Amino acid sequence: RTIPYGEIVPAYKPGYRATEFQKAVMLAPQSPNLLPWVERGPGNVTGRVRGLVVDPDDPAGNTWFIGSVGGGIWKTTNAGGDWIEVAPYLPNFAVSTIAMAASNHDIMYAGTGESMFSVDVINGDGMLKSTNRGQTWVPLTSTLNNNNFNNIARIIIDPNNPNIVLAATTSGRYKQNTVNTSSIMKSTNGGTSWTEVYREATIGTVGRVKKVLQIIET
């Protein structure tokens with residue numbers, strides 16, 4: 001974005017792209033170490049991947065769970081060679097974040113909706129929970145049709161107690177009659193009920209999300 005929040009004109013000088021490009025060329029190493037990235041799919045489902053969990057009990061590190069924004073939850077056991085859709089009947093497929101409990105790997109949580117505030121975001125509707133290591137998922141009724149859980153940016157589970165969960169959330173993007181806020185929601189009973197422990201509505205949308213994520217990750 002060329003115009004900072006609260007300003008009406010761009011802060012960049014004319015020709016800044018060419019100037020920055022030349023700086024990057026001068027600073028680039030002569031023999032860069034290129035990383036061998038390989039497309040792993042799935043390629044037949046819409047949405048970008050924002051959520052990823054690598055199963056810690058797979059010694060080879062080949063078992064992954066991903067959340068596809070617009071495509072639901074998928075699993076691979078061979079490092080992306082093949083994919084299985086593990087939740088084909090979700091009420092909302094905009095899965096943006098996934099977390100696995102460190103103290104009980106059978107317990108997993110997933111959040112729907114994007115908090116990126118771009119023009120192509122997909123609004124969600126609450127959180128999902130699995131008690132069998134991602135084989136099946138059920139919506140948490142306490143988060144459905146709840147403006148505080150329209151979009152979930154991050155989920156953190158207490159490393160010693162799978163029932164204590166924090167969720168960084170935002171209200172619906174481009175939803176009429178919705179006051180734009182960002183919150184940190186906390187549950188101590190596995191998602192049965194939630195308490196808002198932090199709310200931010202006084203700064204710009206991008207800064208608000210960034211501030212909430214900084215708080216929840218510390």
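By class, what lines the second largest pocket? The legends below start there. This is a predicted model, where local features need pLDDT of at least 70, side-chain atom pairs count only at pLDDT 80 or more, and totals for chains, interfaces and linings use all residues. Residues are numbered from 1 along each chain as its sequence is written, and side-chain values use heavy atoms, with hydrogens and water left out.

**View A. The second largest pocket and its lining.** The lining has three nonpolar, one polar and two charged residues. Here Ala, Val, Leu, Ile, Met, Phe, Trp, Tyr, Cys and Pro count as nonpolar, Asp, Glu, Lys and Arg as charged, and the others, Gly among them, as polar. The residues in question are Pro-36, Trp-37, Val-38, Glu-39, Arg-40 and Gly-41. About 160 Å³ of space sits inside this pocket. A pocket is an open set of points on a 1 Å grid over the protein atoms alone where a 1.4 Å probe fits, with protein on both sides within 12 Å along at least five of seven lines, and lining residues have an atom within 4 Å of a point. Points are joined across faces, edges and corners, and the volume is the space filled by probe spheres set on them.

**View B. Arg-133 with Asp-57.** The structure holds seven salt bridges, each a side-chain nitrogen of Lys or Arg within 4 Å of a carboxyl oxygen of Asp or Glu. In this one, the closest N and O atoms of Arg-133 and Asp-57 are 2.7 Å apart. The pair links distant parts of the chain, 76 residues apart: Arg-133 is in the loop between strand E7 (127-130) and strand E8 (138-139), Asp-57 in the loop between strand E1 (49-54) and strand E2 (64-68). Strands (E, at least two residues) are DSSP runs, numbered from the N terminus.

**View C. Arg-133 with Asp-106, and the network.** Arg-133 also bridges to Asp-106, closest N and O atoms 3.6 Å apart. Asp-106 lies in the loop between strand E5 (95-100) and strand E6 (108-112), so this pair ties together parts 27 residues apart in sequence. Asp-55, Asp-57, Asp-106 and Arg-133 are linked in a network of salt bridges.

Notes. Helices (H or I, at least four residues) and strands (E, at least two) are DSSP runs, numbered from the N terminus.
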